[in-house]
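Please read them with the coordinates open.

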Amino acid sequence: MADNRSFRDALGRYPTGVAIVTAFVDGKALGMTVNSFASVSLDPPLVLWSIETASERYGIFDKAEHWGVNVLAADQAGLAHACALEADLAACHTGWSGETVPLIDGAVARLTCKAEAVHAGGDHDIMVGRVLTIDTPRDVPSLVFYRSTYCEPG
């Protein structure tokens, strides 16, 4: 059986995109950096991401009716790092718009999702959402996470 470190190291060799999942809680724009974002279905349009159930940010998303997925641009590595440490988007020094969910300025793709299902998956929950709106405000390379480092694809 693989130990946690070797499992993590092996998965780190698979490049992933970087997104910030966002929601409003008591009028405050909150988020967390994830690399577990993936598409599920085209019809209906469904996406997923996962969150550790012991995470201090779990309470932001476990009962959220809506959440946003903000796919970051390669020049937003600093924001990805900041939001990995801090949930408050204002403290991460980023702008956003949106009434249903915070949609981060400068992202390459932004999705507004309605929570559809939550599935237990080991020490994480898999959050499935129905995509309600999509916009792609920037046509630049996306941010990638590879071997514990943020980088540009290529």
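Leaving aside its neighbours within four places in sequence, with which residues is D88 in contact? Point 2 takes this up.

1. Basis. The model is predicted, so to speak of its local features a pLDDT of at least 70 is required, side-chain atom pairs count only at pLDDT 80 or more, and totals for chains, interfaces and linings use all residues. Residues are numbered from 1 along each chain as its sequence is written, and side-chain values use heavy atoms, with hydrogens and water left out.2. D88. Residue D88 sits in the loop between α3 and β7 (96–97); helices (H or I, at least four residues) and strands (E, at least two) are DSSP runs, numbered from the N terminus. Contact means heavy atoms within 4.5 Å, and beyond the neighbours within four places in sequence D88 is in contact with K28, A29 and L30. The relative accessible area of D88 is 16%, and the residue is buried. Here buried means under 20% relative accessible area, exposed over 50% and partly exposed in between, with a 1.4 Å probe and protein chains only. The D88 side chain also reaches the backbone nitrogen of A90, at 2.9 Å.

2. The seven-stranded sheet. An open sheet of 7 strands has the order β3-β2-β6-β9-β10-β5-β4, with antiparallel pairing. β3 (28–34) and β4 (38–41) are at the edges with a single partner strand each, so one side of each has no neighbour in the sheet. Direction ignored, neighbouring strands of this sheet are turned by 40° against each other on average. Helix α3 (residues 77–85) packs on the sheet, where it touches β2 and β3, and its direction makes about 110° with that of β3. Axes are lines fitted to C-alpha atoms, for helices over the stretch in contact, and angles run from 0 to 180 degrees between N-to-C directions. Two strands pair if DSSP finds at least two bridges between them.

3. β2 and its partners. Antiparallel β2 and β3 are joined by 7 bridges. Within this pairing V25 stands opposite K28, and A23 has L30 as its bridge partner. The hairpin of β2 and β3 has 2 residues between the strands, and D26 there takes a positive phi near 50°. On burial, 6 of the 7 residues of β3 are buried, and 5 of the 7 residues of β2 are buried. Strand β2 (residues 19–25) also pairs with β6 (residues 66–71), in the antiparallel sense and over 4 bridges. There I20 stands opposite N70 and T22 stands opposite G68.

4. N70. N70 lies in strand β6 and counts as buried, at 0% relative accessibility. A polar contact of 3.3 Å joins its side chain to that of T22. A polar contact is a pair of N or O atoms within 3.5 Å; within protein, one must be able to donate a hydrogen and the other to accept it, and residues adjacent in sequence count only if both atoms are side-chain atoms. Neighbours within four places in sequence aside, the contacts of N70 include V18, A19, P102, L103, I104 and R110.

5. V131. Strand β10 (residues 124–135) holds V131. This residue is buried, with a relative accessible area of 12%. Its contacts, leaving aside neighbours within four places in sequence, are P45, V47, L111, T112 and C113. V131 and W49 are 82 residues apart in sequence and 13 Å apart in space, C-alpha to C-alpha.

6. The three-stranded sheet. A further open sheet has 3 strands in the order β1-β11-β12, paired antiparallel. Its edge strands, β1 (16–17) and β12 (149–151), each pair on one side only. Strand β11 (residues 144–146) is joined to β12 by 3 bridges, and Y146 stands opposite T149 in β12.

7. The largest pocket. The volume of the largest pocket is about 1300 Å³. On a 1 Å grid over the protein atoms alone, a pocket is an open set of points where a 1.4 Å probe fits, with protein on both sides within 12 Å along at least five of seven lines; lining residues have an atom within 4 Å of a point. Grid points are joined across faces, edges and corners, and a volume is the space filled by probe spheres set on the points. Of the 28 lining residues, R8, L11, N35, H124 and F145 are the closest to the centre. The elements that give two or more residues to the lining are α1 (4–11), β3, β5 (46–52) and β11. Of these, α1 gives the most, with 6 residues.
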